[in-house]
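Hello,

Here is the structure I promised to pass on to you. Have a look at it first, and then read on for what turned up when I went through it.

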Amino acid sequence: MTTSPAGHFDLAAARAALDSQPFSRLIGARLTAFGEGGATLEIDLREELHQQNGFVHGGVLSYAADNALTFAGGAALGPAVLTGGFSIQYVRPATGRTLRARAEVVQAGRRQAVVRCDLHTVAEDGTERLCAVAQGTVLAVPGEQEAGPAVR
């Protein structure tokens, strides 16, 4: 991944980092917002992402929470970060056209950030419904901030 010409970890650089993840490309994830301690990740929901009862698979929700949390943490800590861990609570079965994971940093220090993520499904009419809530810790990777960005 590269930073912008000015050396900032901005939306373009964050999108490049996401696109460098083969699994993210497979899922069809995209970043629609990034910066100031927050990130929004969206996935168009298709049949392959559902479980046997027609709801979005929990693994897809967990993936979206994990990546949104990490990108939000990266907006606060810099591009070389890893998820230290997270928990997710499924509020209701997820159905809709799009999955939207909005993450915001709750508190950030020099080496770690606590981040919260709300996951909504978006219906055809644009109505959002909360389907899961996640919280996690994002850690700066020592020594890699100077070596170059590597959101993982």
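This is a predicted model: local features need pLDDT of at least 70, side-chain atom pairs count only at pLDDT 80 or more; totals for chains, interfaces and linings use all residues.

What does Glu42 form a salt bridge with? The partner is Arg30, and the closest N and O atoms of the two are 3.3 Å apart. Glu42 sits in strand β2 (residues 38-44) and Arg30 in strand β1 (residues 29-35), so this pair, 12 residues apart, links distant parts of the chain.

The structure holds seven salt bridges. One of them is between Glu128 and Arg102, where the closest N and O atoms are 2.7 Å apart. Because Glu128 lies in strand β6 and Arg102 in strand β4, this pair ties together parts that are 26 residues apart in sequence. Glu128 is partly exposed at a relative accessible area of 30%, and Arg102 is partly exposed at 34%. There is a network here as well: Arg30, Glu42, Asp44, Arg100, Arg102 and Glu128 are joined into one by salt bridges that share partners.

Glu48 and Arg46 form a salt bridge too, with their closest N and O atoms 3.4 Å apart. Is Glu48 buried or exposed? Glu48 counts as exposed, because its relative accessibility is 62% and the cut-off for exposed is over 50%. Arg46 is partly exposed, with a relative accessible area of 33%.

**The chain as a whole**

Stepping back, the secondary structure comes to four helices and six strands. Along the sequence, these follow the pattern α-α-β-β-α-β-β-β-β-α. Of the 152 residues in the chain, 44% are buried. If you take the contacts between residues at least 6 apart in sequence, 62% of them join residues at least 24 apart. The accessible surface of the chain is about 7,700 Å², and carbon and sulfur atoms account for 50% of that surface.

**Two hairpins**

Strand β4 (residues 98-108) pairs with strand β5 (residues 112-122) in the antiparallel sense, over 10 bridges. If you want a place to check this, Leu99 has Thr121 in β5 as its bridge partner. How many residues lie between β4 and β5 in their hairpin? There are three residues between them.

Strand β5 also pairs with strand β6 (residues 128-140), again in the antiparallel sense, and here the pairing runs over 11 bridges. Cys117 has Ala134 in β6 as its bridge partner. β5 and β6 form a hairpin with five residues between them, and Gly126 in the turn has a positive phi of about 90 degrees.

**Aromatic rings**

The count of aromatic pairs comes to three. In one of them, the ring centres of Phe23 and Tyr63 are 5.5 Å apart and the planes are at 75 degrees, so the pair is edge-to-face. Phe23 lies in helix α2 (residues 22-27) and Tyr63 in helix α3 (residues 58-77), so the pair ties together parts that are 40 residues apart in sequence. Phe23 counts as partly exposed at 47% relative accessibility, whereas Tyr63 counts as buried at 11%.

Phe34 and Phe71 form another edge-to-face pair, with 6.5 Å from centre to centre and 85 degrees between the planes. Phe34 is in strand β1 and Phe71 is in helix α3, so the pair links distant parts of the chain, 37 residues apart. Phe34 is buried, with a relative accessible area of 14%, and Phe71 counts as buried at 0% relative accessibility. Which residues form one aromatic cluster? They are Phe9, Phe34 and Phe71.

Happy browsing, and do write back with any questions.

Best wishes

Technical notes: Residues are numbered from 1 along each chain as its sequence is written. Side-chain values use heavy atoms; hydrogens and water are left out. Two strands pair if DSSP finds at least two bridges between them. Buried means under 20% relative accessible area, exposed over 50%, partly exposed in between (1.4 Å probe, protein chains only). Contact means heavy atoms within 4.5 Å. Accessible areas come from the Shrake-Rupley method with a 1.4 Å probe; for residues, only the protein chains shown count as cover. A salt bridge is a side-chain nitrogen of Lys or Arg within 4 Å of a carboxyl oxygen of Asp or Glu. Rings of Phe, Tyr and Trp (its six-membered ring) pair if their centres lie within 6.5 Å; planes under 30 degrees apart count as stacked, over 60 as edge-to-face and the rest as tilted.
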